[in-house]
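Me: I am new to this structure. Could you take me through it step by step?

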Amino acid sequence: MSNKRNPQKIVAIFGITVTAGLFIFFMFFSPGRLETAKAVQENFADSTKQGNETMKSENEWEQCLTPEEYRVLREKGTERAFTGKFYKHSDKGTYVCAGCNAELFPSGTKFDSGTGWPSFWAPTENAAVELREDKSYGMKRTEVVCAKCKGHLGHVFEDGPQPTNLRYCINSVSLGFKAEGDTTIVK
Ligand SMILES: [Zn+2]
C-alpha cells in the first residue's frame, strides 16, 4: 500500500460522512408531520384537562391491573416483541386502553410493520392519545400515552405508511379490543 492519497477512497469517505450527517440531521432535527401531530394533540389535551375521573393512585392501579399491565402502563415497560396478543390480530373493531377503556385506535389504521408490536398509522381521533418527549435509554423518542388515564402505550415514529407516514408502535398489554357492533372488551 502506498501513502499516496487515493481519490476513490477520499470520495467514498466524503460520501459516507455526508450520508451519516444527513441521517443524524433528519433523526434529530426533522420537524414535519410528527411536530404537527404533537401540536394538534397538545391543544386537545389542554382543552380536556378537567374530567380525568379515571385518574387513580399508583396503589389503586396496582390493585386493578395485572402485574404485566402495571409494568407497561404505569412503569413504561415494553412487552417482548412478537409475543403480544394483538400483534397478529386482524378483526374489525376498536382498540381501547387496557387501563381505562378509552377508545384509542380503529382496526382500519392497523398495519403489519414487521416490528413485533401492534402498529397503527392513526389513533381514533385527536382525543385518544397524548404525545410526550422521551429521552430515556440515550434515545430521543416520542412516547404515546392514553390521553385519559396517562397510561404508557408505546412510541410513535415517522416511518409509517400513507396517509400519515406515522407508526404508532403500541404494546398489546396496553390494549383491549372491542369487536365491531359489540361492547364487550377483550383483553
Ligand atoms: Zn387509558
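Reply: The answers below go through the fold, the core, the sheet and some backbone details.

Me: What should I know before reading?

Reply: This is a predicted model, in which local features need pLDDT of at least 70, side-chain atom pairs count only at pLDDT 80 or more, and totals for chains, interfaces and linings use all residues. Residues are numbered from 1 along each chain as its sequence is written.

Me: How many helices and strands does the chain have?

Reply: The chain has four helices and 10 strands. Helices (H or I, at least four residues) and strands (E, at least two) are DSSP runs, numbered from the N terminus. Along the sequence the pattern is α-α-α-α-β-β-β-β-β-β-β-β-β-β.

Me: What share of the residues is buried?

Reply: Of the 187 residues in the chain, 28% are buried. A residue is buried if 20 or more other C-beta atoms lie within 10 Å of its own, exposed if 12 or fewer, and partly exposed in between, with C-beta atoms placed from the backbone.

Me: Which residues have the most contacts inside the largest nonpolar core?

Reply: They are Leu 104, Val 129, Val 144, Cys 146, Tyr 168 and Ile 170, in a core of 30 residues. Helix H4 (67-74) supplies at least two residues of this core, and so does each of several strands, including S5 (129-134) and S6 (141-146). A nonpolar core is a set of buried Ala, Val, Leu, Ile, Met, Phe, Trp, Tyr and Cys residues joined through C-beta atoms within 7 Å.

Me: Turning to the sheet, what is the order of the strands in the open sheet of four?

Reply: The order is S2-S1-S9-S10, with antiparallel pairing. S2 and S10 (185-186) are the edge strands, each pairing on one side only. Two strands pair if DSSP finds at least two bridges between them.

Me: How many bridges join S1 to S2?

Reply: Three bridges join these antiparallel strands, S1 and S2. Thr 94 has Pro 106 in S2 as its bridge partner.

Me: Which peptide bond is cis?

Reply: The bond from Gln 162 to Pro 163 is cis, with omega near 5°. Pro 163 is placed in the loop between S7 and S8.

Me: Where does Asn 101 lie, and what is its phi?

Reply: Asn 101 lies in the loop between S1 and S2. Its phi is positive, about 70°, although Asn 101 is not a glycine. Most residues other than glycine have a negative phi.

Me: Is Tyr 137 buried or exposed?

Reply: Tyr 137 counts as exposed because it has 6 C-beta neighbours inside 10 Å. Tyr 137 is in the loop between S5 and S6, and its phi is also positive, near 55°.
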